[in-house]
Amino acid sequence: MDKNLISIGFNAKGKEEAIREAGRLLKDNGYCNENYVDSMVETEKKLGPYIVITKNIAMPHARPEDGAKKSGFSIVRLKEPIEFGNKENDPVKVVIGLCAFTNEEHVNTMSQIAEMMLNPEKTEIIFNGDIEEFSKI
């Protein structure tokens, strides 16, 4: 994983700031434009905390036509967990920003993330590892 798509210890004041950080990493590395980042935030506002996909993990995303340039994902580990409004899975400690250029790639990228999250070693690194360990995932 590209180190430029990882942020460890990000001090977000709320869920919007956490989502924007995940989007910023994608934008700054050529995966999307600013409109995509705004759409990630708006999608969460409209549809609610469904983006909290499992305990402590949120996966904000937007539609490919909102400004995706290529498929990939960013990972933001928060300094302090944040409530996203999902009673079962809050608070969120890790935000995975998903960007997919097509609907098919959206499914493929989500599958890669799910596979990563099912591996206890990789999950341990995501929650507690350093940047070097992250880059080896």
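How many salt bridges does the rule give, if a salt bridge is a side-chain nitrogen of Lys or Arg within 4 Å of a carboxyl oxygen of Asp or Glu? The count comes to 11 salt bridges.

## Basis of the model

This is a predicted model, in which local features need pLDDT of at least 70 and side-chain atom pairs count only at pLDDT 80 or more, while totals for chains, interfaces and linings use all residues. Residues are numbered from 1 along each chain as its sequence is written, and side-chain values use heavy atoms, with hydrogens and water left out.

## Nonpolar cores

A nonpolar core is taken here as a set of buried Ala, Val, Leu, Ile, Met, Phe, Trp, Tyr and Cys residues joined through side-chain atoms within 4.5 Å, where buried means under 20% relative accessible area, exposed over 50% and partly exposed in between (1.4 Å probe, protein chains only). The largest such core has 26 residues, and Leu78, Phe84 and Val95 have the most contacts inside it. At least two residues of this core come from each of α1 (15-28), α2 (34-47), β4 (72-82) and β5 (92-99), with α1 giving the largest share, 5 residues; helices (H or I, at least four residues) and strands (E, at least two) are DSSP runs, numbered from the N terminus.

With contact defined as heavy atoms within 4.5 Å, and leaving aside neighbours within four places in sequence, Val95 is in contact with Ala18, Ala22, Ala58, Pro60, Ser74, Ile75, Val76, Leu78 and Phe84. A second, separate core of 13 residues includes Ile75, Ile96, Ile113 and Ile126. In soluble globular proteins, nonpolar side chains tend to be buried together.

The expected span of a helix is 1.5 Å times one less than its number of residues, so the 14 residues of α1 should span 20 Å, which agrees with the 20 Å between its end C-alpha atoms.

Lys13 lies in the loop between β1 (6-10) and α1, and Lys13 is exposed, with a relative accessible area of 76%. Although Lys13 and Glu80 are 67 residues apart in sequence, their C-alpha atoms are 9.2 Å apart in space. Just after α1, Gly30 takes a positive phi of about 80 degrees.

Lys45 and Glu16 meet through their side chains in a salt bridge (3.4 Å, N to O). This pair links distant parts of the chain, with Lys45 in helix α2 and Glu16 in helix α1, 29 residues apart; Glu16 is partly exposed at 32% relative accessibility. Lys27 forms a salt bridge with Glu34, with the closest N and O atoms 3.8 Å apart, and both partners are partly exposed, Lys27 with a relative accessible area of 29% and Glu34 at 39% relative accessibility.

In the salt bridge between Arg63 and Glu65, the closest N and O atoms are 3.0 Å apart; Arg63 is partly exposed at 44% relative accessibility, whereas Glu65 is exposed, with a relative accessible area of 58%. Salt bridges that share partners also join Glu16, Arg20, Asp38, Glu42 and Lys45 into one network. Ser39, in helix α2, counts as buried at 12% relative accessibility, and Ser39 touches His61, Ala62 and Asp66, not counting residues up to four places away in sequence.
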